[in-house]
Amino acid sequence: MTERLTVYERAGGEPTFAAMIDAFYDGIESEPLLRPMYPDDLKESRWNLQFFLMQYFGGPATYSGERGHPRLRMRHVPFEIGRAERDAWMRNMRRAIEKTDMPADVRTEMIEYFEKVATFLMNRPVANGPAPLPIIDSPRG
Ligand code: HEM
């Protein structure tokens with residue numbers, strides 16, 4: 001029988017997620033399009049994203065214990081996320097993943113996941129693109 005490890009475990013557990021999210025928010029600090037959307041103090045934002053991702057990728061469910069169901073579409077409604085914002089967020093996350101020490105296949109898996117969710121969270125129409133999705137969360141948030 002093959003042992004199946006979670007992405008959380010293959011990535012290296014909590015220290016890897018902490019390093020990745022630190023790198024992500026360090027990038028947000030100097031990202032003029034995105035910085036104004038976030039609170040001045042990024043401490044809670046760091047916690048939210050780190051613990052959400054740890055949980056999503058198979059780690060402890062601490063995020064839900066504190067924040068309940070993620071409802072990601074709902075929680076992003078206050079922010080204008082068009083193509084430019086989505087791409088800036090992705091660029092920043094790719095950079096954070098590249099800076100963080102983890103296996104190459106885990107990097108690829110994470111980037112594929114982020115590309116999908118970032119598109120799903122867009123809530124502004126795109127020129128010549130499909131109509132934006134209605135604000136209904138998928139069961140997995
Ligand atoms: C597409 C571009 C995106 C923008 C502009 C954006 C922006 C934001 C902002 C401004 C916040 C509020 C900060 C906070 O209170 O934590 C936030 C929260 C959050 N975002 Fe995003 N986000 C984007 C994509 C994503 C993606 C792709 C994910 C996950 C795969 C994600 C996961 C989260 C989570 C988990 C929270 C905290 C929810 C909570 O517990 O309140 N975001 N985002």
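**Before starting**

The model is predicted: local features require a pLDDT of at least 70, side-chain atom pairs count only at pLDDT 80 or more, and totals for chains, interfaces and linings use all residues. Residues are numbered from 1 along each chain as its sequence is written. Helices are DSSP runs (H or I, at least four residues), strands are runs of E of at least two, and both are numbered from the N terminus.

**First stop: the ligand and its shell**

Select the ligand and the 22 residues around it, of which M37, S45, N48, F52 and W89 come nearest. A residue counts as near if its C-beta atom, placed from the backbone, lies within 6 Å of the molecule or strand. The elements that supply two or more residues to this shell are α3 (43-56), α5 (72-76), α6 (83-99) and α7 (104-120). Which element gives the most to the shell around the ligand? It is α3, with five residues.

Colouring by class shows 14 nonpolar, three polar and five charged residues in the shell around the ligand. In this scheme Ala, Val, Leu, Ile, Met, Phe, Trp, Tyr, Cys and Pro count as nonpolar, Asp, Glu, Lys and Arg as charged, and the others, Gly among them, as polar.

**Second stop: α2 against α3**

Select helix α2 (residues 14-29) together with α3; their axes come within 9 Å and cross at roughly 140°. That angle makes α2 oblique to α3. Axes are lines fitted to C-alpha atoms, for helices over the stretch in contact, and angles run from 0 to 180 degrees between N-to-C directions. Angles under 35 degrees count as roughly parallel, over 145 as roughly antiparallel, 65 to 115 as roughly perpendicular, and the rest as oblique.

The crossing of α2 past α3 is right-handed. A crossing is right-handed if the near helix is turned clockwise from the far one by less than a right angle, and left-handed if anticlockwise. From α2, the contact uses E14, F17, A18, I21 and Y25, and from α3 it uses S45, R46, L49, Q50, L53 and M54. Two residues are in contact if their C-beta atoms, placed from the backbone, lie within 7 Å. The residues of the contact of α2 with α3 comprise seven nonpolar, two polar and two charged.

Remain on helix α3 and select L53. Is L53 buried or exposed? L53 counts as buried, because it has 21 C-beta neighbours inside 10 Å. A residue is buried if 20 or more other C-beta atoms lie within 10 Å of its own, exposed if 12 or fewer, and partly exposed in between, with C-beta atoms placed from the backbone.

On the α2 side the contact is made by M20, A23, F24, G27 and I28, and on the α6 side by N92, M93, R95, A96, I97 and K99.

Next select E98, also in helix α6. With 12 C-beta neighbours inside 10 Å, E98 counts as exposed. The C-alpha atoms of E98 and A23 are separated by 9.7 Å, although the two are 75 residues apart along the chain.

Select α6 and α7, which pack at an angle of about 165° with their axes 10 Å apart. The two helices are therefore roughly antiparallel to each other. The contact is made by R86, W89, M90, M93, R94 and I97 of α6 and by R107, M110, I111, F114, E115, A118 and T119 of α7. These residues divide into eight nonpolar, one polar and four charged.

**Last stop: two loops**

Select I81, in the loop between α5 and α6. I81 is buried, with 20 other C-beta atoms within 10 Å. Leaving aside neighbours within four places in sequence, I81 is in contact with H76, R86, L121, M122, N123 and R124. The C-alpha atoms of I81 and N123 are separated by 5.5 Å, and the two residues are 42 residues apart along the chain.

Finally, select R71 in the loop between α4 (62-67) and α5. R71 has a positive phi of about 40° although it is not a glycine. With 14 C-beta neighbours inside 10 Å, R71 counts as partly exposed.
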